[in-house]
Each structure stands twice: as C-alpha cells, then as structure tokens.
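Please open the model in a viewer and keep the selection tool at hand.

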2 protein chains.
Amino acid sequence: MTRTHVFVTDGEPIRSNWREAFPQAQLGHAGATSCEAIIVWVLLPYTGDITPLIRQWQRMACDAPVVALSDEPRDEEGMVALRAGVSGYCNGYASPAVLQQVAETVLQGGVWLGQSLLQKLVATTAQNLPKPAVASSDWALSLTEREVMVARAVASGASNKEIADQLNITERTVKAHLTAAFEKLKVRDRLQLTLLVNGITELKAPS
Amino acid sequence: MTRTHVFVTDGEPIRSNWREAFPQAQLGHAGATSCEAIIVWVLLPYTGDITPLIRQWQRMACDAPVVALSDEPRDEEGMVALRAGVSGYCNGYASPAVLQQVAETVLQGGVWLGQSLLQKLVATTAQNLPKPAVASSDWALSLTEREVMVARAVASGASNKEIADQLNITERTVKAHLTAAFEKLKVRDRLQLTLLVNGITELKAPS
DNA sequence: AAAACCATTGTACTGAAGTACAACCCGGGA
DNA sequence: TCCCGGGTTGTACTTCAGTACAATGGTTTT
C-alpha cells in the first residue's frame with residue numbers, strides 16, 4: 001500500500017471535495033490493524049467520545065498526522081480534538097484548496113485551526129495561565145500562614161468542620177481565619193475566596 | 001499602491017528571505033496613515049510592548065491579516081502576539097517556502113503557529129480550562145437550560161438573591177434549580193458546584 | 001388524554017456560614 | 001516590661017444556603 005491520504009468515516013464514502021483535493025485518497029477501514037498514511041483525516045461522528053477514535057488512528061498510522069474533520073465545527077469539539085492530539089481541525093465540507101492547504105501545513109509540522117477556535121484557545125489560556133504563575137502568590141501575600149492554609153482548603157471545597165479536623169483546630173478558629181482573609185482580600189464569602197484562590201477572578205485592591 | 005505584502009521593521013530593510021518569498025514585498029512606513037496590504041508582516045522589536053504595534057497595523061491595513069515575525073520566538077511572546085490578534089507568529093528568518101506557507105494559511109482565514117507554541121497553548125488550556133471549554137458541555141449535559149444558567153451564575157460568585165434578580169425569578173426558584181443541579185451532579189453545595197463548573201474538579205458519576 | 005418533564009413559587013424548617021464582642025497564650029521588638 | 005501581632009477559642013447572634021413537602025401551569029411525549 002502506497003503512502004497516501006486516508007479518510008476515516010462512519011461508513012460514508014469519500015466525498016467529492018476530498019477526492020478532488022487528493023485524487024489518490026483512500027478510505028480507512030475501522031477494522032484495520034495498521035495503516036500507511038501521509039495524513040489520516042477523521043470525519044468526526046456526531047455523537048460519542050471522539051478521543052478514542054483519534055487516538056486509535058494515531059497509533060495505527062504510526063503517528064502520522066491526524067486531522068479531524070467536522071461537519072458542524074464547534075470550538076468545544078475542536079478543543080477535545082486538540083487534546084486528543086490532532087494536527088488540524090477543519091470543516092468536513094472544506095474546499096479542496098483548503099484541504100490541500102491544511103495538508104501542507106500539517107506536513108510541515110504545523111497545526112491548522114480556524115480563527116475562532118484559536119482565538120478561544122488564546123483567550124482562555126491567556127486568562128488562566130498568567131494567574132497561576134503570577135497571581136497565585138498574589139492573594140497569599142497579605143495573608144498569614146494559617147490564613148493561607150484555610151483559604152486553600154476552602155478553595156478545594158472543604159467545609160469549616162472538615163478544615164478544623166484537618167488542621168486540628170476548632171471550627172471557631174477556622175471561622176476566625178476566614179473572616180480575616182475575607183477582610184484582607186475584599187471578598188464577601190468563601191465562594192468568592194475560592195474564585196480568587198483558583199485564579200478565576202482578580203484581586204480587587206492589591207494590598 | 002497595489003495590494004501586496006508589507007513588511008514592517010524598525011528601520012531594517014527587507015530581508016532576502018522575505019524578498020525571495022514575495023518579490024513585490026514592500027516596506028511599511030511607520031508614519032503612514034493607511035496601508036493597502038494583502039498581509040502585514042511585523043518584525044517584532046526586542047523590547048517594548050508589541051500589542052500597540054500590532055493593533056496599529058491592523059487598523060491601518062483595514063483588518064488585513066497581520067503576521068508577527070520574531071527573531072527570537074518565545075512562547076510567551078507568541079501568546080502576547082496572539083492576544084493582540086495576529087493571524088500568525090513565526091520566525092523572522094523562516095525560509096521563503098515557510099513564509100509562503102504561512103501566507104497561504106493566513107489568507108484562507110487560518111492561523112499559523114509553530115508546533116511548540118500551539119502545543120503549549122493546548123497543553124495549558126487542557127490543564128486549566130478543559131472543563132469550562134471542553135467539559136463545559138460535560139457537566140451541563142444532564143442539566144436543563146435553566147439549571148445551567150443558575151449554575152453558571154453561582155460559579156461566578158453570585159448569591160441566590162442576585163441570581164434571582166438577574167433572571168427575574170424568585171429566590172425560591174433559584175434554590176429549586178440549584179437543588180436539582182446538586183442532585184444531578186452529585187455535589188453537596190454551591191462551592192463544589194463552582195469547582196465543577198470552573199473545571200477545578202471532575203464529575204463524579206457521569207449521569 | 002394521561003404521563004412526564006420543565007419552570008415556577010410558597011411555607012417552614014434545619015444547618016452551615018459569617019459576625020460581634022470578647023478572651024487567653026506566646027514570641028519578638030520598643 | 002509593655003506592646004503588638006499571630007494563633008487560638010468561647011458564646012451568642014444574624015444571615016444565607018439548602019431541604020422537605022408541597023402546588024400550579026405549560027409543553028412534549030406516549
């Protein structure tokens with residue numbers, strides 16, 4: 001079998017736009033144990049977990065790049081596909097030109113994404129990455145050692161009683177530390193404290 | 001002025017690899033007020049905030065795609081550039097072939113990134129946000145539309161009263177939705193719901 | 001039409017969270 | 001020595017969250 005483009009579908013034949021982009025395109029067989037492909041194009045099914053599907057074809061294709069095709073591209077689905085390790089995520093009805101474009105990018109070691117998905121990736125990462133790194137010590141700065149311990153426990157979902165047992169102190173003392181932390185961090189309750197500690201929200205007034 | 005590739009540098013002339021990739025390439029003038037370009041390639045300065053620079057050329061080029069070129073590509077710099085809205089981020093000394101590759105991708109509405117940067121994006125996002133972005137449908141799957149709305153509000157730190165006002169319903173109704181959500185998601189209170197919605201913890205038993 | 005699900009709301013209750021106003025102990029610095 | 005800050009705890013109180021036990025009306029499915 002020559003190394004060529006392999007399209008994996010759920011029974012569907014090769015579409016005309018795929019064929020047009022890659023005349024030698026072949027259909028992947030679900031039952032196959034190995035696959036010699038330049039690129040594996042996986043048409044995502046509408047339902048079910050796509051991660052195993054992608055992983056499976058990655059293995060079978062000996063780590064050849066896998067591109068996910070979706071007839072209803074959604075950012076969420078794209079995220080899942082990326083986590084599974086695809087090298088690209090694009091519309092199943094993309095034009096032959098775009099498909100060839102994707103192929104070139106992927107073969108050069110790049111990753112092909114739509115604008116929307118990428119922006120979401122960047123936005124969310126940009127929001128969540130800096131906090132743990134930068135601001136993680138931020139909220140803790142104005143707190144005492146004990147207050148930080150209690151705050152961390154709260155932020156993991158523990159109740160006052162549980163924290164008390166964990167730290168071998170009274171529930172009353174836990175409340176005392178919490179009240180102090182609330183005041184210092186300008187939050188009103190344990191939930192907002194949790195958001196702060198977990199980097200979901202920002203500090204109001206930098207102490 | 002014909003629409004062509006415009007390279008923006010800090011006084012540096014057009015490099016040979018740029019010229020080779022795009023023979024009609026032109027230098028962008030910092031003082032210009034507008035610019036008719038297919039793609040604007042901005043060579044990032046070593047120091048200073050690159051965001052205004054990128055934004056400026058996006059405006060001047062009437063939202064033509066902007067690609068950032070960096071002689072010392074770093075993931076952090078790439079992140080900043082992406083947040084600023086660039087459609088690509090690659091090495092300033094990239095080969096003409098790669099540059100053309102980038103151009104094609106960008107012109108088709110794609111985004112061009114190096115493997116490293118993209119992987120970091122995905123990795124960090126997958127760690128920090130897999131829940132909000134990916135599993136967002138996860139926890140939300142078993143909930144009704146209304147329950148999801150309330151859950152999201154709770155997860156942002158709102159009180160029952162605030163949510164009630166926000167949704168124009170009674171506090172009692174908010175409690176009803178919450179109770180249902182707790183039951184379905186196997187959590188005991190709003191704080192653990194928050195952790196789930198914000199992707200800090202995992203779903204216990206997929207319903 | 002009956003069943004099932006959803007959204008909505010009510011009253012009343014329990015319990016946890018959070019605050020007010022304290023007190024005590026301990027170690028370090030003025 | 002006295003003061004101060006941190007850690008600890010107590011009692012009493014208010015407020016909010018959450019549950020129990022309901023009911024009503026609308027929509028969809030059977």
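Begin by selecting Asn168(A), which counts as exposed because its relative accessibility is 72%; exposed means over 50% relative accessible area, buried under 20%, and partly exposed in between, with a 1.4 Å probe and protein chains only. The model is a predicted one, in which local features need pLDDT of at least 70, side-chain atom pairs count only at pLDDT 80 or more, and totals for chains, interfaces and linings use all residues. Residues are numbered from 1 along each chain as its sequence is written, chains are lettered from A and ligands numbered from 1 in the order in which they are written, and side-chain values use heavy atoms, with hydrogens and water left out.

**First stop: two residues with positive phi**

Asn168(A) sits in the loop between helix H8 (160–167) and H9 of chain A. Helices here are DSSP runs of H or I with at least four residues, strands are runs of E with at least two, and both are numbered from the N terminus. The phi of Asn168(A) is positive, near 60 degrees, in a residue other than glycine. Most residues other than glycine have a negative phi.

Next select Lys186(B), in the loop between H10 and helix H11 (190–197) of chain B. Lys186(B) is not a glycine, yet its phi is positive at about 60 degrees. With 43% relative accessibility, Lys186(B) counts as partly exposed.

**Second stop: Leu185(B)**

Move to Leu185(B), which belongs to helix H10 (residues 171–185) of chain B. Is Leu185(B) buried or exposed? Its relative accessibility is 2%, so Leu185(B) counts as buried. Neighbours within four places in sequence aside, Leu185(B) is in contact with Trp139(B), Ser142(B), Leu143(B), Leu193(B), Leu196(B) and Leu203(B); contact means heavy atoms within 4.5 Å. A C-alpha to C-alpha distance of 9.2 Å separates Leu185(B) from Ala140(B), although the two are 45 residues apart in sequence.

Select DNA strand C together with the residues near it, a residue being near if one of its heavy atoms lies within 4 Å. Colouring the surface near DNA strand C by residue class gives 4 nonpolar, 7 polar and 8 charged residues. In this scheme Ala, Val, Leu, Ile, Met, Phe, Trp, Tyr, Cys and Pro count as nonpolar, Asp, Glu, Lys and Arg as charged, and the others, Gly among them, as polar.

Of the atoms of DNA strand C within 4 Å of the protein, 67% belong to sugar or phosphate and the rest to bases. What does Arg172(B) approach on DNA strand C? A polar side-chain atom of Arg172(B) lies 2.7 Å from a base oxygen.

The elements giving two or more residues to this surface are helix H9 (171–185) of chain A, with helix H8 (145–155) and H10 of chain B. H9(A) provides the largest share, 6 residues.

Now display the strands of chain A, where 5 strands form an open sheet with parallel pairing in the order S2-S1-S3-S4-S5; two strands pair if DSSP finds at least two bridges between them. Strand S2 (26–27) and strand S5 (88–91) of chain A stand at the edges with a single partner strand each, so one side of each has no neighbour in the sheet. Strand S4 (residues 66–70) of chain A runs parallel to S5(A) and is joined to it by 4 bridges. Within S5(A), Tyr89(A) stands opposite Ala68(A).

**Last stop: strand S1 of chain B**

Finally, select S1(B), of which 5 of the 5 residues are buried, so it is largely enclosed by the rest of the structure. S1(B) runs parallel to strand S3 (residues 37–43) of chain B, with 5 bridges between them; Thr4(B) has Ala37(B) as its bridge partner in S3(B). A further 2 bridges join S1(B) to strand S2 (residues 26–27) of chain B, also parallel, and Phe7(B) is there partnered with Leu27(B).

How values were computed. A polar contact is a pair of N or O atoms within 3.5 Å; within protein, one must be able to donate a hydrogen and the other to accept it, and residues adjacent in sequence count only if both atoms are side-chain atoms.
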